[in-house]
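This report covers helix packing and a chain contact. Please view the model alongside the text.

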Amino acid sequence: MDIANALVVFLNFVFIPAAAYGAQLALGALGVTLVYGILRFSNFAHGDTMAFGTGTVILLTWGLQAMGISAGPLPTALIALPFGIALTALLVLGTDRAVYRFYRKQKAAPIILVMASVGVMFVMNGLTRVLIGVDEYRFDDGARFIMDVRTFREMTGLPEGLALRSTQALTVGVALVVMVALFWFLNRTKSGKAMRAYSDNEDLALLSGIDPERVVRLTWIIAAGLATIAGTLYGLDKSFKAFNYFQILLPIFAAAIVGGLGNPLGAIAGGFLVAFSEVAVTYPWVRVVGYLVPGYEPSGLMQLLGTEYKFAVSFVILIVVLLFRPTGLFRGKSV
Amino acid sequence: MATNRQAASSSSRWRAPVLFAVLAVLFVLEGTVRNSMFSGSWNTSLAILNMGLISAITALGVNMQWGYAGLFNVGVVGFLAMGALAPVLVSLPPVEGAWAAGGTRLMGALLVGLGTLAMAKLAWTRTRSGIATTAVLIAGFVAYRWLFDPAVVAIEANNPARHGNIGGLGLPVLLSWAVGGLFAAAAAWAIGKVALGLRSDYLAIATLGIGEIIVAVMKNENWLARGVMNITSIPRPVAQEVDLQNNPDFVEFASSWGFAAAEASGIWVKLSYMSLFLVVLLAIILLAELALKSPWGRMMRAIRDNETAAEAMGKDVTRRHLQVFILGSAVIGVAGAMMVTLDGLLAPTSYNPLRYTFLIWVMVIVGGSGNNWGAVLGAVTIWFLWIKAEVWGPALFALLTAPLPDSAFKSHLLDSAPHMRFIAMGLVLLLVLRFAPRGLLPEK
C-alpha cells in the first residue's frame, strides 16, 4: 500500500480542483441566495451577470496590459476587478430600476419575477456577446504555478507530482476573504443587520423604519460584486466562454438549494458539497486505487460517470434534496 | 398567468383575424417580393412557415403548462430533444447486427436501472431506512453498469463508420410523432413527481436541469443516436424532391403554373409538410379548446388563479399540476419529433436552450398566455421575425453606423449585429411582460 502516492494523486486531481471549483460555486450561490432572501425569487440572470462582469473585467485587463500595468506575480485581472464590479453593479441596479422594481411594487407572484429575470438573462447574454463575443479567452497572467509537478517531485522524491496553480490558490484565498467580509458586513454593520431583518420579516422591518429600497439596492450591489468575483475566478481558473456561465447556473442553484435558499452559510456549504461530489463522481479513481490496493488491476477507469455528465451530479443532488428536505440542509426559507 | 387578471375587457372580436391576416401578408410578401427586406422565394417563405408551425405546437405545449396552470418549464429544449429521439428509435431501419451485438443486454441494463429506482422507492416507503435504500441503489448501480458497459461497447463497435447505434424499428415515421410525445411525457412524469408541490421556483430549476441532462445524454450516448456524429436520413413522410423532378406529370403540372421543376418540387414538398403540420396543430388546438371549456379546464383555471381556494374546495392541486405538466410536455415532445422529421436530421449540438427554450417562451408571452390561438400567432410571428432579424439586423446596423467614420469600433459594432437578436428578444419579453402582460391575443 502506497498511501503517500495515493494521497498526492487525490490532492492533485480531486481535492485541489474541487476546492477551487467549490469556492467559485459558493460565491455564485451566495449571490443567488442573497437575492432570494431579500427579493424572494430565483434569479436566472445570475449566470449571465457573472458572464457580463467577467467580460468587463477581461476588457479592463486587456486595457491595463496595453498600458503596461501588471500586478507582478498576481493576475492583472485583480486590479481590474473593482472596476468590473462597479460597472456590473451599475448594470444590475439599472435592471432593478427598469424591470424588477415594478413587479416588487405590484407585489407580483414570485414566478413573474423569475420570468422577468429570464428576460434580463437574454438581454445580458446579448450584451456580453456584443461586448466580448462568443469565443473562448484565457486572461490569466502572472506566475502560473505556486508549486509545479517537477519541483514537487524533486522535493519529495515521489513518482507522482503535485501541482498547485496560482489561480487555484488565489480562488480559495479571495473567496475566503470575500466570505469573511460578507459575514462581517451581515452580522456587524447596521446595513447588514437591516438586510437580515428585511429578509426575516419584511413587515416588521418596515415598521422599524428600514428603508426597503436601500436594502434592495445594497443587495443588488453585493450580488453584482459576488457574481463578478465568482465569474472572474472561474474564468481565471478555467477559461472564459460566455455560454459556460449559463451552464454553471444549474450547479449554483443546486448549491443554493442544498444549503437552503436564503441562507448564506448554507450556500457556502452547498457550493463545496456540489463541487466535491461533481469532481469525485466524474474522476477516474483507477490510479488512487492502484496505489492503495497493490496487485489489484482494475479493468476499467473506475469512473462512476463521464465528465460530460458532471451537471447530472448537481441535478441528482438537487433532486435528492427536493425529495427529502426541500428547505435545504440548513433550513432556508420554505415559502 | 398574466399579472392582472381582470375579466376580459371588451377586446374586439376582430382582433385575432386581423392579426393573423397581417401575419399572412408578411408571408406572402416574403414569397413574392424580392428586395432588401424580403427574399421573394416561396421556398424560403414556406420553410419559415413550416418551422413556425412546429414552434406553434411547442408553444401550445408551453401554453398548456403556463397559461392553464402557471407552471414555469425552463427545460423545453430537453422535452423537444426527448421527442426528437423518437423518429430515430422508431422509424429508422434496424441496424444490421446491432441487436445481436448487445441489444438484449442493453435492454436488460435499462430494465435493471428502472427496477433499481422502483426498488429503492419501495425500500424507502416500506422501511424508511436510508441505509437499506442506499444499499439497493448501490447494488442496482453495479448490476446496471455490469450489464450496460459491455453492451454499449459492442453496439458502438458495430460498423462504427456508418452506424454504431442501436438503430430503429423501421416503423412509419408518422407513428414516431406520437411516440415522441410519450417519451417527453415520461420525462415530465419523472421530473414533475419530484418538483411539483414545492415552491414554484423549484420546478423551473429542476426543468432547467433535466433539459441540460437530456441534451447531454443525446450528445454523448453514441449507441442511442450516434451522439455528435448526427443521424441523417430519417425517413420522410412526404415525397422526395428528386422523385418529383423525375416525374414527367409533375414537371408538366409545375410548368402549367409557371414554375421550374426544381423550384416547384421544393414548394410541393414544403406544402405537403405544411398540411401534415396543420393537421396536427389543429387537432391539438381542438383538443385543447375542448379540454379548456370542459369542467376540467374550469378547474385548472380555478387552481391557477387561486391555489388555496381550489385546495379548500377539495381539489388535489399537485396531482392536477402533474397532469397538465405531462400533457404539455407530451405536446412539446410531438413537436420535437416533427422537427427532426422536417429536417431529416438529428443534430444534438443544435439543441441550444436560448433558441429552443427561451425563444419559445417569448412566443408564448407575446402571443398571449392562456390563449391557444395567441400561442400560435405569437409562435409564427416571433419565428418569422427571428429568422428575418438575421437579415434585417445587420442591414439596420449598417444604416445606423453609416455616419460613423471607419474604425475598429464601427467594425466591432457591425460584427456584433447578429447578437442583437438576443437583446431584442429579451427586450420584447420584458416589454410585453410589463406593458401588455396579456399578450397580443388576451385570454378570454
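## Helices α11 and α12 of chain A

Pro251(A), Ala254(A), Ala255(A), Ala256(A), Val258(A) and Gly259(A) of α11(A) meet Gly266(A), Ala267(A), Ala269(A), Gly270(A), Gly271(A), Leu273(A), Val274(A) and Glu278(A) of α12(A). Contact means C-beta atoms, placed from the backbone, within 7 Å. By class, this contact has 9 nonpolar, 4 polar and 1 charged residues. Ala, Val, Leu, Ile, Met, Phe, Trp, Tyr, Cys and Pro count as nonpolar, Asp, Glu, Lys and Arg as charged, and the others, Gly among them, as polar.

The model is predicted; local features need pLDDT of at least 70, side-chain atom pairs count only at pLDDT 80 or more, and totals for chains, interfaces and linings use all residues. Residues are numbered from 1 along each chain as its sequence is written, with chains lettered from A and ligands numbered from 1 in the order in which they are written.

## Helices α2 and α3 of chain A

Helix α2 (residues 46–66) of chain A packs on helix α3 (residues 77–106) of chain A at about 135 degrees, with axes 8 Å apart. Axes are lines fitted to C-alpha atoms, for helices over the stretch in contact, and angles run from 0 to 180 degrees between N-to-C directions. The residues in contact divide into 13 nonpolar, 6 polar and no charged.

## Contact between chains

Chain B gives 34 residues to the contact and chain A gives 39. On the side of chain B that touches chain A, α7(B) has the largest share, 12 residues. That side has 22 nonpolar, 8 polar and 4 charged residues.

Conventions: Helix = DSSP H or I, 4+ residues; strand = E, 2+ residues; numbered from the N terminus. Contact = placed C-beta atoms within 7 Å.
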